[in-house]
Amino acid sequence: MEPDRQLVQRVLAGDRQAFAVLVERYEHAVFAAALKVLEDRQSAEDAAQNALVSAYENLGRLQDANAFGAWLLVIARNEALRLARARPRTVPLDATDGHVESDYVESARDDELGEVMRALDRLPAHEQQVLMLRYFRDHSVANIAQITGRSVGTVTKQISRALQKLRERLKRSNA
């Protein structure tokens with residue numbers, strides 16, 4: 001797997017396909033970051049798409065190509081916050097369109113994901129990064145070590161500690 005740094009360099013040299021690889025690599029994490037803020041699938045999809053376009057347009061401003069993933073997640077979070085501020089705060093009276101049960105199930109899933117994402121957001125940045133790469137991007141520990149420039153042992157410890165912290169925080173919030 002080609003490191004982010006090389007892909008970013010290829011994009012800056014005019015290779016659009018390299019950006020498609022980056023999008024494929026991070027699209028789920030970008031969506032999850034937006035969903036954490038917006039708590040609405042459609043709005044999160046819009047924010048994710050806007051964030052990816054913005055990242056492409058501003059890629060030349062990225063100072064450390066190795067930090068592309070973290071930089072992209074910051075853009076996604078900022079875009080989601082922008083959309084959240086722009087949307088109306090009211091709920092229409094006809095909000096139930098006959099799909100109450102399926103809407104409830106989807107809403108429950110969104111709530112659970114939102115709770116996990118809020119707990120994830122309270123972790124240190126390095127622990128957020130390894131968990132996002134491992135569980136949202138499905139990277140192996142060896143790949144994460146390569147992407148982050150850390151040893152496999154360090155990444156393994158960070159994942160283990162971060163998961164333990166998440167479990168503890170989720171238990172406390174559900175108690």
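Q: What percentage of the 175 residues in the chain is buried?
A: This is a predicted model: local features need pLDDT of at least 70, side-chain atom pairs count only at pLDDT 80 or more, and totals for chains, interfaces and linings use all residues. Numbering runs from 1 along each chain as its sequence is written, and side-chain values use heavy atoms, without hydrogens or water. Buried means under 20% relative accessible area, exposed means over 50%, and partly exposed is in between (1.4 Å probe, protein chains only). Among the 175 residues, the buried share is 37%.

Q: How many helices and strands does the chain have?
A: Helices (H or I, at least four residues) and strands (E, at least two) are DSSP runs, numbered from the N terminus. Along the sequence the pattern reads α-α-α-α-α-α-α-α. The count is 8 helices and 0 strands.

Q: What share of the contacts with a separation of 6 or more joins residues 24 or more positions apart?
A: Contact means heavy atoms within 4.5 Å. Take the contacts in the chain with a separation of 6 or more; the part from residues 24 or more positions apart is 61%.

Q: Which helices do the buried residues of helix 4 pack against?
A: Helix 4 (residues 68-86) has 19 residues and reaches 27 Å from first C-alpha to last, close to the expected 27 Å. The expected span is 1.5 Å times one less than the number of residues. Its buried residues include Phe68, Gly69, Leu72, Leu73, Ile75 and Ala76. They pack against helix 1 (4-12), helix 2 (16-38), helix 3 (41-57) and helix 6 (125-136).

Q: Is aspartate 4 buried or exposed?
A: Aspartate 4 is found in helix 1. Beyond residues up to four places away in sequence, it touches Leu22, Arg25, Tyr26, Ala65, Phe68, Gly69 and Ile147. With a relative accessibility of 3%, aspartate 4 counts as buried.

Q: What is the relative accessible area of alanine 47?
A: Alanine 47 lies in helix 3. Setting aside neighbours within four places in sequence, it contacts Ala34, Leu38, Glu79, Ala80 and Leu83. Alanine 47 is buried, and its relative accessible area is 0%.

Q: Which helix gives the most residues to the lining of the largest pocket?
A: On a 1 Å grid over the protein atoms alone, a pocket is an open set of points with protein on both sides within 12 Å along at least five of seven lines, and lining residues have an atom within 4 Å of a point. Of the 24 lining residues, Gly69, Ala70, Leu73, Gln128 and Gln129 are the closest to the centre of the largest pocket. Helices 2, 4, 5, 6 and 7 each supply at least two lining residues. The most, 6 residues, come from helix 6.

Q: How far apart are the end C-alpha atoms of helix 6?
A: Buried residues in helix 6 are Glu127, Val130, Leu131, Met132 and Leu133. Among these, leucine 131 contacts Leu120, Leu123, Phe136, Ile159, Ala162, Leu163 and Leu166, leaving aside neighbours within four places in sequence. Helix 6 has 12 residues and should span 16 Å; this agrees with the end-to-end distance of 15 Å.

Q: What is the phi of glutamate 39?
A: Most residues other than glycine have a negative phi. Glutamate 39 sits in the loop between helix 2 and helix 3, and is partly exposed at 46% relative accessible area. Although not a glycine, glutamate 39 has a positive phi of about 55 degrees.

Q: What distance separates the C-alpha atoms of threonine 156 and alanine 142?
A: Threonine 156 is found in helix 8. It is partly exposed, with a relative accessible area of 40%. Threonine 156 and alanine 142 are 14 residues apart along the chain, and their C-alpha atoms are separated by 9.2 Å.

Note on methods:
On a 1 Å grid over the protein atoms alone, a cavity is a set of points where a 1.4 Å probe fits but cannot get out, and a pocket is an open set with protein on both sides within 12 Å along at least five of seven lines; lining residues have an atom within 4 Å of a point.
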